[in-house]
Amino acid sequence: MSSVRTVQSRVTGIVVVGAACLTLSCVQAGVSEPASEKGAMPFDPPAVYLTWQRDPTTTMTVQWHSDGGRDDVIQYLRLDERVWHTVIGAHHPMPYSDRIVHVAELTGLEPGTEYRFRFGTNSVAFTFRTMPRDVSKPIRFVVGGDTMESFDALDVWFEECRRLVAEQDPMFTVIGGDIAYANGDPKLVKRWYRWLAAWKKHMVTSRGRLIPLLMVIGNHEVQGGFRQRPAKAPYFYSLFAMPGQRGYNVVDFGRYMSLILLDSEHTHAIDGRQTDWLGRTLANRQDVPHIFGVYHVPAYPSVRKFNNRVSTKIRQHWVPLFEKFGLDVAFEHHDHAYKRTHLIRAGTVDPRGVLYLGDGAWGALPRKTREDWYLTKTASRQHFILVTIDGQSRTFQAIDIKGHVFDQVHQNALSHSIIAQ
Ligand SMILES: [Fe+2]
């Protein structure tokens with residue numbers, strides 16, 4: 001699926017050989033803003049979204065789609081600057097589509113700073129903000145999964161979310177799998193078109209700032225759902241640049257927070273390499289005050305049976321590492337309900353244990369939950385989770401799509417103790 005093209009920047013005149021899936025990060029400072037092309041409609045990509053491949057305090061990865069008639073140029077500046085910087089990224093074809101996916105990573109940015117960006121000389125402009133250098137001021141982000149309700153209701157649903165986003169002003173969003181429900185199916189490529197178009201249209205703050213996305217894979221990204229090769233998730237791996245290796249990886253926010261993004265047996269086995277990597281990743285981050293895991297299938301399900309195959313395997317291989325290295329919270333999805341567990345360690349309720357939050361009902365119709373020893377709060381309710389980190393304090397609020405906070409807990413980073421409200 002790779003392509004190699006020679007592209008010429010209309011802005012800089014530089015000729016670049018772009019290898020697909022590579023981010024070149026050829027930053028040129030000091031390029032003056034040229035005049036607009038007379039009479040041409042400004043380029044407004046059908047999809048534009050932000051993610052990260054490296055530290056979110058100093059980088060941003062911009063991805064956008066075109067019909068192939070565009071180069072890979074991004075221009076950006078701080079809001080207090082007058083001179084655009086230019087980055088030339090790369091591109092590759094979107095599977096089963098006429099579209100081209102463009103990728104450009106902006107590096108060397110200033111933490112906690114707002115930037116404007118555009119696609120060459122004659123395009124619409126957007127803004128983003130880098131993550132702050134530290135947690136001296138509160139950090140807010142949203143976690144949710146299973147985002148689809150129905151395609152007929154997609155715009156209405158995203159519009160509802162837009163109001164909530166505007167109110168909550170999250171710095172980024174993590175989606176825990178089952179995103180556009182295209183199942184890697186060539187016939188369902190338009191589901192991704194619609195999902196990304198709705199995201200671009202609605203999921204911006206009131207000031208026009210795009211909300212960056214971090215993604216983990218779910219069964220509805222994959223042909224066959226479970227125990228497949230990455231090639232069976234063509235859209236997921238084509239659409240989203242990732243931090244490090246494909247499939248499971250970690251995003252380090254300076255040294256104050258790490259998000260570990262895992263593949264719950266969709267295109268990578270839970271045991272073996274992924275578990276080994278998880279152990280090393282956790283061991284190397286013992287001095288990071290806030291460490292969260294995000295993956296699709298729950299270790300502690302609120303709807304499905306406790307002893308289902310994938311949940312059992314996660315409890316066998318990942319949960320002992322979570323407990324050994326003190327993972328703070330595991331965000332789980334897939335079950336289409338809300339759940340909060342007790343703190344769990346060694347298969348029992350323990351104040352030194354790990355908190356599991358989920359269970360993936362941002363857009364999916366909620367299912368009836370069941371009772372079990374590890375569940376302390378459940379609800380059959382569409383929701384997302386707003387995380388606020390303020391120094392050593394963490395707050396997790398479950399918010400339904402009408403904006404009601406229906407569960408809220410505080411966690412102290414030093415003691416792990418939980419106070420529910
Ligand atoms: Fe799922």
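# Close-up views of the predicted model

**View A. Strand S16 (residues 257-261) runs parallel to strand S17 and is joined to S17 by five bridges.** The model is a predicted one, in which local features need pLDDT of at least 70, side-chain atom pairs count only at pLDDT 80 or more, and totals for chains, interfaces and linings use all residues. Residue numbers start from 1 along each chain as its sequence is written. Strands (E, at least two residues) and helices (H or I, at least four residues) are DSSP runs numbered from the N terminus, and two strands pair if DSSP finds at least two bridges between them. Ser258 is set opposite Ile291 of S17. In S17 (residues 290-294), four of the five residues are buried, and the strand is mostly covered. A residue is buried if 20 or more other C-beta atoms lie within 10 Å of its own, exposed if 12 or fewer do, and partly exposed in between, with C-beta atoms placed from the backbone.

**View B. S16 and S17 belong to an open sheet of seven strands with mixed pairing, in the order S15-S16-S17-S18-S22-S19-S23.** The edges are formed by S15 and strand S23 (375-379), each of which has a single partner strand, so one side of each lacks a neighbour in the sheet. On average, neighbouring strands are turned by 15° against each other, direction ignored. Axes are lines fitted to C-alpha atoms, for helices over the stretch in contact, and angles between N-to-C directions run from 0 to 180 degrees.

**View C. Asp252 is located in strand S15 (residues 249-253).** The residue is buried because 21 other C-beta atoms lie within 10 Å. Leaving out residues up to four places away in sequence, Asp252 touches Asp55 and Ser258; contact requires C-beta atoms, placed from the backbone, to lie within 7 Å. Val288 is 36 residues from Asp252 in sequence, with a C-alpha to C-alpha distance of 9.1 Å.

**View D. Val297 is placed in the loop between S17 and helix H5 (309-317).** Val297 counts as buried because it has 30 C-beta neighbours inside 10 Å. With residues up to four places away in sequence not counted, the contacts of Val297 are Ser264, Val310, Ser311, Ile314 and His334. Asn219 and Val297 lie 78 residues apart in sequence, and their C-alpha atoms are 8.8 Å apart.

**View E. A further open sheet of seven strands, also with mixed pairing, has the order S14-S13-S12-S24-S25-S26-S27.** At its edges are strand S14 (213-215) and strand S27 (418-420), each with a single partner strand, so that one side of each has no neighbour in the sheet. From one strand to the next, the twist averages 20°. Within this sheet, strand S25 (residues 393-400) and strand S26 (residues 405-412) run antiparallel and are joined by seven bridges. Ala398 has Asp407 in S26 as its bridge partner.

**View F. Domain 1 (4-129) and domain 2 (139-420) divide the chain.** Such bounds come from an automatic or database domain assignment. The domain centres, taken over C-alpha atoms, are 29 Å apart. In the contact between the domains, 25 residues of domain 1 meet 25 residues of domain 2. Strand S4 (48-51), strand S5 (60-66), strand S9 (100-106) and strand S11 (125-129) each contribute at least two residues to the side of domain 1 that touches domain 2. That side comprises 14 nonpolar, eight polar and three charged residues. Here Ala, Val, Leu, Ile, Met, Phe, Trp, Tyr, Cys and Pro count as nonpolar, Asp, Glu, Lys and Arg as charged, and the others, Gly among them, as polar.

**View G. S5 is mostly covered, with six of its seven residues buried.** S4 and S5 run antiparallel and are joined by four bridges, with Trp64 of S5 as the bridge partner of Val48. S5 is also antiparallel to S9, through seven bridges; His65 stands opposite Val101 of S9.

**View H. Helix H2 (residues 189-202) has 14 residues and spans 20 Å from its first C-alpha to its last, close to the 20 Å expected at 1.5 Å a residue.** The expected span is 1.5 Å times one less than the number of residues. Arg191, Trp192, Trp195, Leu196, Ala198, Trp199 and Lys200 of H2 are buried. Their cover includes S4, helix H1 (154-168) and helix H3 (234-239).

Technical notes: Contact = placed C-beta atoms within 7 Å.
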